[in-house]
Amino acid sequence: DGGAAGGEYVHSASLQASTEQAHTGSYSAKISFDTSDNQNHWAELYRPLVIGAAYYSAWFYLDAAHAPAVYWTLFNFFSESTAGDLAQRRGLWDLNLNATSLYFYDEISGQFADASPPMTYPIARWFQIEAYVDLAPPAASHLSVWQDGSLILERGNLQSPPDASLYFGVGSQ
């Protein structure tokens with residue numbers, strides 16, 4: 001139903017349905033890219049956010065350990081002033097990987113927060129990231145994050161975006 005209902009964004013990467021490694025069922029979304037060119041690579045699947053309280057979750061499988069040069073976003077929330085228009089995209093809150101664990105970045109305030117307690121993400125094993133978001137524009141929002149069922153992050157008083165088109169994305173950026 002078009003970008004306002006969700007979809008995918010791919011830049012210098014490959015995003016495909018794959019039977020190589022499925023968490024349950026027969027398929028998973030496989031993202032591949034080669035960073036030897038020192039360029040940005042991005043592949044993401046996204047859906048609209050729900051105003052109010054809701055849970056968002058995804059399972060991830062990393063085939064090898066990686067150390068991002070700057071950041072590596074797996075799970076994010078963003079807005080677009082015009083639904084489905086990437087040029088109008090504005091980042092809100094990101095869950096990123098460093099060399100060993102997840103951390104949070106608030107794109108609105110520019111603040112970082114490490115997972116607490118820090119939890120090493122596994123290699124060659126599925127792991128789950130789950131977020132509870134109480135989104136209440138224009139009032140402040142709340143975010144709680146679990147990795148494999150363990151609470152690792154609580155952030156309150158997050159500035160809510162004014163844009164009407166809000167999204168949740170998973171992938172690799």
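Analyst: Let's start with Tyr55, which is exposed, with a relative accessible area of 52%. Exposed means over 50% relative accessible area, buried means under 20%, and partly exposed is in between (1.4 Å probe, protein chains only). Keep in mind that this is a predicted model, where local features need pLDDT of at least 70, side-chain atom pairs count only at pLDDT 80 or more, and totals for chains, interfaces and linings use all residues. Residues are numbered from 1 along each chain as its sequence is written, and side-chain values use heavy atoms, with hydrogens and water left out.

Now for ring partners. Two rings of Phe, Tyr or Trp (for Trp, its six-membered ring) pair if their centres lie within 6.5 Å; planes under 30 degrees apart are stacked, over 60 edge-to-face, and the rest tilted. That rule gives 17 aromatic pairs. One of them joins Tyr55 to Trp146, a tilted pair with 6.1 Å from centre to centre and 35° between the planes. This pair ties together distant parts of the chain: Tyr55 sits in strand β5 and Trp146 in strand β11, 91 residues apart. (Strands are DSSP runs of E, at least two residues, numbered from the N terminus.)

Tyr61 and Trp126 make another tilted pair, because their ring centres are 5.5 Å apart and their planes meet at 55°. Here Tyr61 is in the loop between β5 and β6, while Trp126 is in the loop between β9 (111-114) and β10, 65 residues apart. Tyr61 is partly exposed at 28% relative accessible area, whereas Trp126, at 16%, counts as buried.

There's also a cluster: Tyr56, Phe75, Phe77, Trp93 and Phe168 group into one aromatic cluster. That leads us to the nonpolar core, meaning a set of buried Ala, Val, Leu, Ile, Met, Phe, Trp, Tyr and Cys residues joined through side-chain atoms within 4.5 Å. The largest one here has 32 residues, and Phe75, Phe77, Ile129 and Leu143 have the most contacts inside it. Its largest share, 5 residues, comes from β10. In soluble globular proteins, nonpolar side chains tend to be buried together.

Finally, zoom in on Leu143. Leaving aside neighbours within four places in sequence, its contacts (heavy atoms within 4.5 Å) include the aromatic residues Phe77, Phe104 and Tyr132. Leu153 and Leu158 are among its other contacts.

Note on methods:
Helices (H or I, at least four residues) and strands (E, at least two) are DSSP runs, numbered from the N terminus.
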